[in-house]
Amino acid sequence: MAEAHQAVAFQFTITPEGVDLQLSYQALSHIYQSGMRSWKKRISRMRNSVIKGVYPASPSSWLFVVIAILSTLYMQSDPSMGLIAKIQENLPLSLTQFSSQGQTMVSALVFSTLLWLSLILTLRFCLKLLLSYHRWMFEQHGRVSTATKVWVPLVRLLSGRKPLLYSYQTSLPHLPVPPIKDTVQRYLLSVRPLVDDEGYERLTKLAAEFQRNLGTRLQRYLKLKALWATNYVSDWWEEYIYLRGRTPIMVNSNYYGMDFLYVTPTPHQAARAGNTITALLLYRRKVNREELKPSRVPGTVIPLCAAQCERMFNTTRVPGEETDVLQHWQDSEFVAVYNRGRFFRLWVYRAGRLLSPREIQFQIQRILDDPSTPLPGEEKLGALTAGDRVPWSHIRKQHFSSGVNKRSLDCIEKAAFFVTLDDQEEGMMGDDPEGNLDRYAKSLLHGKCYDRWFDKSFSVVIYKNGKNGLNAEHSWADAPTVAHLWEYTLATDAFQLGYTTDGNCRGEVERSLPPPQRLSWEIPAEVQEQQVASLTVAQALADDVDCHVFPFRDFGKGKIKKLKMSPDGFIQQALQLAYYRNRGGFCLTYEASMTRLFREGRTETVRSCSSESCAFVRALDAGEPPEHCKRLFRQAVERHQNLYRLAMTGSGIDRHLFCLYVVSKYLGVESPFLKEVLSEPWRLSTSQTPVQQMELFDLVNHPEFISLGGGFGPVADDGYGVSYIIVGDDMINFHVSCKHSCSETDSHKFGGHISEALRDLMTLFSTDPKATAEPPREDKKRM
């Protein structure tokens with residue numbers, strides 16, 4: 001086999017005269033260079049481990065402490081108050097042969113090191129205490145308390161040294177377990193506008209019974225876990241919400257990200273693939289070297305947890321019978337590529353050197369020009385990752401655990417990421433730009449149901465006309481982490497790497513590059529039958545998805561901020577108004593909020609439908625006086641902001657109740673209250689895609705380089721999924737999804753209601769005397 005020949009560094013034959021050894025010096029050189037790259041990475045990781053281990057101090061501070069202690073000793077003073085002498089008395093026998101002065105020097109070094117480590121632990125503890133302070137988030141603009149005024153410079157002082165990506169991890173506080181009484185009260189308050197008096201009375205009795213009896217017992221176990229575990233939510237959330245799901249992850253869990261709205265940097269598919277793959281690998285290099293700046297709460301110095309970056313690359317979700325497993329490898333020097341039913345392994349390093357964008361383009365073009373046809377069962381192999389998880393786990397165990405199938409599957413699963421060279425053209429183009437955007441979204445969400453590898457941490461899609469996008473698996477990380485990666489990729493592709501005037505990647509090509517390796521398969525009839533079954537399930541799911549993507553251009557966050565209110569709160573009230581007009585009522589509304597202020601934090605739910613928002617919507621719909629509606633609207637926005645702050649600071653509702661439910665299952669007890677809470681449908685699921693690196697995009701000089709953001713499928717069969725991204729000051733892009741099988745939902749109709757609601761809200765405030773040109777502070781939150 002071709003790949004076997006390329007893997008052999010030398011050949012030998014047995015002759016009557018002895019062993020005839022034929023060395024391949026070029027292959028040995030490549031092995032040497034690859035080994036050097038691996039060792040450089042190990043040394044870099046060791047260096048970073050030392051720097052992170054002593055943060056917020058620096059390694060050089062040890063020398064400063066040693067010099068200070070020795071200088072004090074030289075001045076006939078003992079800064080250790082006798083500890084150096086105690087250390088000298090207990091030196092090992094091997095050191096007693098030193099002179100008295102030498103023993104004193106060694107003892108001083110030991111004392112200095114211990115003192116230095118104690119100072120580091122003290123600084124880290126102080127920083128952790130400072131980062132546990134969250135009152136600043138609840139203070140009104142212009143009314144900052146004295147405590148917050150003192151707190152800000154202290155945080156700046158302790159985090160002033162340039163940190164690495166993971167430097168703050170050990171200083172981040174642990175997610176606190178809220179008092180069960182507070183969580184139950186907040187839950188009852190959130191459902192009050194959604195149930196009648198009789199239903200509310202029933203829920204109140206269930207909640208009181210739970211709080212008095214079983215809840216107290218479950219809370220004790222949860223507090224015990226919080227003392228022991230880094231984060232009392234995240235491991236259970238990852239396992240039970242994501243990895244234990246046995247239904248397809250395509251549409252139900254995976255989500256997508258889109259290319260620029262108006263611009264396609266090059267129409268050449270291979271060239272766009274070359275730059276996109278290079279940009280992704282450059283980002284991986286930054287992650288490995290920890291050169292990325294730690295994410296922070298926008299407009300502040302408050303760091304966010306970076307743990308989700310660890311499994312971004314070289315990661316695959318491996319199917320199991322009861323639960324899936326996330327498999328991560330330290331490194332990978334290749335990517336997996338799919339094109340016209342064939343799978344390839346594309347090496348992106350040669351002799352320890354990352355290939356240039358032009359070289360990757362050259363290799364991609366080789367794949368596109370390859371005339372070979374798919375092997376039996378190869379073309380639709382990816383359908384196994386799109387269907388139900390249990391059949392896929394059985395097939396994988398029986399037919400992909402050894403031999404050629406295992407070797408080829410390893411190439412896909414151990415790849416840095418997955419690349420699909422799609423033979424379709426997508427984007428906002430032609431005579432039907434609106435319809436084409438919708439088809440573009442559906443293509444990224446599920447494609448043909450067999451031309452993506454949905455188990456990979458993310459799959460990149462490069463279309464025939466040069467448009468691109470990605471599909472991300474959800475269990476390993478949340479959307480902000482992937483959005484950060486995608487922002488960097490788009491900006492690096494367009495503004496840093498760039499293209500020649502004829503649309504090709506820049507750089508030179510080493511023509512001696514070995515061609516991409518075609519993966520081989522031996523797919524028996526049983527596997528092909530399961531492919532058909534999985535594809536049938538996936539195709540039915542994909543056909544049922546109704547997607548609508550539209551840019552709202554009437555106004556953006558610029559006008560909203562002039563009203564001195566949160567853009568996110570404004571949009572959430574518009575969504576409540578739109579849903580009321582669309583369905584004639586209100587529903588339980590999910591908005592994703594991050595909890596990355598805490599170590600290994602992921603998300604919390606903001607229950608955006610509140611009594612205040614319902615009161616405003618009813619007042620506006622009934623035609624009540626504008627001033628009354630404005631007052632109710634501001635109350636609704638402020639209530640939403642407070643709910644968001646509570647969710648961010650560990651006082652949310654749903655993750656706490658979820659963990660209590662998990663504990664009840666472990667104990668084998670039933671809770672009618674928890675069972676009802678966790679069975680309530682989220683008919684309106686919303687999420688804001690954050691823009692985290694605006695410095696990468698010059699929207700003033702290049703306003704056409706705006707991102708469409710991304711979206712996801714509906715959570716409830718009779719509900720909507722709504723994702724939005726606030727781009728610049730003058731545009732908001734929306735992604736709406738629902739299911740065709742529900743006669744009461746229509747993505748286009750709901751999108752129209754959203755646009756109408758936004759316009760009506762802005763019209764309501766168009767003559768508001770409180771609206772000034774002075775914008776408020778930036779929101780201190782993101783999804």
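This is a predicted model: local features need pLDDT of at least 70, side-chain atom pairs count only at pLDDT 80 or more; totals for chains, interfaces and linings use all residues.
A pair of aromatic rings is described by the distance of the centres and the angle of the planes. For Y133 and W151 the centres are 5.2 Å apart and the planes stand at 50 degrees, which makes the pair tilted, because only planes under 30 degrees apart count as stacked and those over 60 as edge-to-face. Since Y133 belongs to the loop between α5 (100–131) and α6 (146–158), whereas W151 sits in helix α6 itself, the pair ties together parts that are 18 residues apart in sequence.

Elsewhere, ring pairs join Y338, F343, W392, F400, F418, W453 and W521 into a cluster. Aromatic faces also meet charged side chains: K225 lies over the face of W236, at 3.5 Å from the ring centre, and R345 lies over the face of F334, at 5.1 Å from the ring centre.

From rings we turn to helices. The axes of helix α8 (residues 197–212) and helix α9 (residues 214–228) come within 3 Å and cross at roughly 50 degrees, so α8 is oblique to α9. On the α8 side the contact involves E209, F210, Q211 and R212, which meet L214, G215, T216 and L218 of α9. Sorted by class, the residues in this contact of α8 with α9 comprise three nonpolar, three polar and two charged ones.

Notes: Residues are numbered from 1 along each chain as its sequence is written. Side-chain values use heavy atoms; hydrogens and water are left out. Rings of Phe, Tyr and Trp (its six-membered ring) pair if their centres lie within 6.5 Å; planes under 30 degrees apart count as stacked, over 60 as edge-to-face and the rest as tilted. Helices (H or I, at least four residues) and strands (E, at least two) are DSSP runs, numbered from the N terminus. A charge sits over a ring if NZ of Lys or CZ of Arg is within 6 Å of the ring centre and within 35 degrees of the ring normal. Axes are lines fitted to C-alpha atoms, for helices over the stretch in contact, and angles run from 0 to 180 degrees between N-to-C directions. Angles under 35 degrees count as roughly parallel, over 145 as roughly antiparallel, 65 to 115 as roughly perpendicular and the rest as oblique. Contact means heavy atoms within 4.5 Å. Ala, Val, Leu, Ile, Met, Phe, Trp, Tyr, Cys and Pro count as nonpolar, Asp, Glu, Lys and Arg as charged, and the others, Gly among them, as polar.
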